[in-house]
Amino acid sequence: HAVSYAMVAYQTAYLKANYPAEYITAFLTIYTGVTDRVATAIAECQRLGIKVLPPDISRSQAGFAIETSSSASSPATGEEGGEGAIRFGLASIKNVGSSPIEHILSGRGSGGDFESIEDFSYRTDFRNINKKVLESLIKVGVFDSLGSRKTLLESLNKIISLSQTKQRAKESGQVSMFDLWGQSLPAAKVNYSQGEEEVSAKQKLMWERELLGVHFSQPLDFLSREASSPGSVSCSEINRDMVDETVTVKGMVVSVRQAHTKDNRPFVVASIEDLDAGIEVIAWPRLYETTQAIWQEGNILSIKGVVKVRDGEVQLNCQEAMLQPVRQEVLKEPQRRHVMIDVNQSGDAEKDVECLHRIVDILKSYPGQDRVSLAVVGDGEITNLEMPDITVNYCPELAGELSEIVGEGNFGLQL
């Protein structure tokens, strides 16, 4: 019996030492949906230098998967994952079941990466995808490459309505000018405002902790890279043998509860988490009175306190608390200009198709780096047609030729 356990321990240790990314990916797959186990494994990845990439609508599979350096970049940030990076699986997001994931992956498989939220709405079967599923996916950043979380959350009903409308059109066999043009029907444009203020980093952190169990908007791995001060420890190192010792920890506030002493003076009980574990911290009235503003969920704090045991649980009696600056290490892609063209339908499908062909021919004669999209207006509906294979160099000459076809006020350049 002992020999059998020893063999299993040896084989496990060998795999972790020689194939760490593969080993941890297998571990994460086994414990998909078990938040605390997933968080522990990802913390181990950070210690081993294995990059864990956030869930992404164009990259993630149902389960955790290894991505090579050539395929592990994030469309939202351009961030390279490096060799052996692990991509977070969609099945580990709370409130998202296997059926919605199957439909999402099926839609992606039918035409490659999703180019926009409209493209996603049209190509994905929403019959098993409800509002709660979409809300959870948006909150954890799955759609960050397609739009801001705040904007998409505010447009949830429009996104669902758009998908339902297009699904009915497909089932009824409606034919449009786009079918005559030789392309599948593009998704109608969701009428939301681009460039709105994004939700706060703190709110993103709380959503990610609730639905993923880990943080990608503000990873806590920077705590492990900072120089340790005397007495500084991680939460996992604090135990009952350290009672009455003074220690310093740094971590994120994940929950806060206010209470009162017998003489009705307020104090706070907070849960703090670092890369490894968490601990409960109590700030008694005198300290709480001077630090009340910093005890908020999502804040990163440096806490000096005395180790105590209460009701069998280890706690810290806080002596000092300082707010740490929130640092987001995000690599952004260079901004490209966006040429937007409005085309008004005439009611004559063949004439409209000819107009589209002329526009495409003109665009191709001005190659460059500027992105292009068309918005076709007709029958009370705006249909957005992305042109992923065409990039142009917007210039006065191009503007002049477009003006002759669509009119001077029907195109523009967005920076």
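Helices (H or I, at least four residues) and strands (E, at least two) are DSSP runs, numbered from the N terminus. On that basis, the protein chain has 14 helices and 12 strands. The model is predicted: local features need pLDDT of at least 70 and side-chain atom pairs count only at pLDDT 80 or more, whereas totals for chains, interfaces and linings use all residues. Residues are numbered from 1 along each chain as its sequence is written, and side-chain values use heavy atoms, with hydrogens and water left out.

First, the chain as a whole. Buried means under 20% relative accessible area, with a 1.4 Å probe and protein chains only; 44% of the 415 residues fall in that class. A contact means heavy atoms within 4.5 Å. Of the contacts with a separation of 6 or more, 64% join residues 24 or more positions apart.

Next, helix H2, residues 20-30. Which of its residues are buried? They are Ala 21, Ile 24, Thr 25 and Leu 28. These lie on the same side of H2, because they cover an arc of only 105° around the axis, taken from the directions from the helix axis to the C-beta atoms. The buried residues of H2 pack against helix H3 (35-48), strand E2 (65-67) and strand E3 (85-87).

Finally, the cysteines. A disulfide is a pair of cysteine sulfur atoms within 2.5 Å, and the count is 0. Cys 45 is buried at 0% relative accessibility, and Cys 235 is buried at 4%.

Technical notes. Buried means under 20% relative accessible area, exposed over 50%, partly exposed in between (1.4 Å probe, protein chains only).
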